[in-house]
Amino acid sequence: MNSVDVYVGARLRMRRAMLNMSQSKLGSLLGVTFQQVQKYEKGVNRISASRLKQAASVFDVDVDWFYEGGPAEDAAKGFAEGPSRLLDVQFLSTTDGLKLNRAFARIRDPKVRRRIIDLVESLAPPDEAAQEAADFVR
């Protein structure tokens with residue numbers, strides 16, 4: 001699997017979930033089966049340019065939207081965005097990620113939002129990539 005295909009598939013899933021659209025409904029609109037939509041979303045099958053343009057039209061976004069913030073195919077190792085960025089997009093495309101994001105966005109008090117972030121960070125294991133980058137800068 002190519003990291004760009006996986007990323008585009010995750011963005012496809014995220015947008016579909018944001019619109020509360022089923023895989024069957026999207027498949028019907030794209031002229032493919034829901035199983036094919038699953039394969040696109042997982043990055044198992046590469047979505048063609050014409051099908052991606054069709055999906056962009058269905059989702060009312062530009063084709064570029066599917067690539068925003070994605071990994072560069074030939075990015076040099078080091079500070080290039082890698083697996084952690086892909087995991088962020090994959091999480092946001094899950095039901096839990098979408099619900100958490102929507103609920104968090106509804107919290108208006110910045111102090112409460114900051115406390116929630118602090119709580120989640122205190123519960124999560126350390127981010128090794130961020131720690132390595134911080135150590136490099138020192």
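Figure 1. Read along the sequence, the protein chain runs in the pattern α-α-α-α-α-α-α-α. The structure shown is a predicted model. The protein chain contains eight helices and zero strands. Of its 138 residues, 28% count as buried. Among the contacts between residues at least 6 apart in sequence, 63% join residues at least 24 apart. The protein chain exposes about 9600 Å², and carbon and sulfur atoms supply 54% of this area.

**Figure 2. Close-up of the largest nonpolar core.** This core has 21 residues. The residues with the most contacts inside the core are V8, L12, L26, F59, V61 and F66. Two or more core residues are given by each of the elements α1 (3-18), α2 (23-30), α3 (34-42) and α4 (49-59). Helix α1 supplies the largest share of the core, six residues. For L26, contacts beyond four places in sequence are made with L12, R16, M21, V37, V58 and F59.

**Figure 3. Close-up of helix α3 and its buried face.** The buried residues of α3 are Q36, V37, Y40 and E41. Seen down the axis of α3, these buried residues fall within an arc of 140°, so they line one face of the helix. The cover over the buried residues of α3 includes α1, α2 and α4. Helix α3 is followed by G43, a residue whose phi is positive, near 80°.

**Figure 4. Close-up of the packing between α1 and α3.** Two packed helices are described by the angle between their axes and the distance between the axes. The axes of α1 and α3 come within 5 Å and cross at roughly 120°. The two helices α1 and α3 are therefore oblique to each other. On the side of α1, the residues that take part are D5, V6, G9, A10, L12, R13 and R16. They meet Y40, E41 and K42 in α3. Of these α3 residues, Y40 and E41 are also among the buried residues of that helix.

**Figure 5. Close-up of A17 and its contacts along the chain.** A17 is found in helix α1. With a relative accessibility of 17%, A17 counts as buried, because buried means under 20%. Leaving aside neighbours within four places in sequence, A17 is in contact with S93, L98 and R102. A17 and T94 are 77 residues apart in sequence, and their C-alpha atoms are 7.8 Å apart in space.

Figure 6. N20 has a positive phi of about 55°, although N20 is not a glycine. At 65% relative accessibility, N20 counts as exposed. S22, by contrast, is partly exposed, with a relative accessible area of 37%. From C-alpha to C-alpha, S22 and V37 are 9.8 Å apart in space, while in sequence they are 15 residues apart. V37 is one of the buried residues of α3.

Figure 7. D60 has its place in the loop between α4 and α5 (83-92). The phi of D60 is near 60°, a positive value in a residue other than glycine. D60 is exposed, with a relative accessible area of 69%.

How values were computed: Residues are numbered from 1 along each chain as its sequence is written. This is a predicted model: local features need pLDDT of at least 70, side-chain atom pairs count only at pLDDT 80 or more; totals for chains, interfaces and linings use all residues. Side-chain values use heavy atoms; hydrogens and water are left out. A nonpolar core is a set of buried Ala, Val, Leu, Ile, Met, Phe, Trp, Tyr and Cys residues joined through side-chain atoms within 4.5 Å. Buried means under 20% relative accessible area, exposed over 50%, partly exposed in between (1.4 Å probe, protein chains only). Helices (H or I, at least four residues) and strands (E, at least two) are DSSP runs, numbered from the N terminus. Contact means heavy atoms within 4.5 Å. The arc is that of the directions from the helix axis to the C-beta atoms. Accessible areas come from the Shrake-Rupley method with a 1.4 Å probe; for residues, only the protein chains shown count as cover. Axes are lines fitted to C-alpha atoms, for helices over the stretch in contact, and angles run from 0 to 180 degrees between N-to-C directions. Angles under 35 degrees count as roughly parallel, over 145 as roughly antiparallel, 65 to 115 as roughly perpendicular and the rest as oblique.
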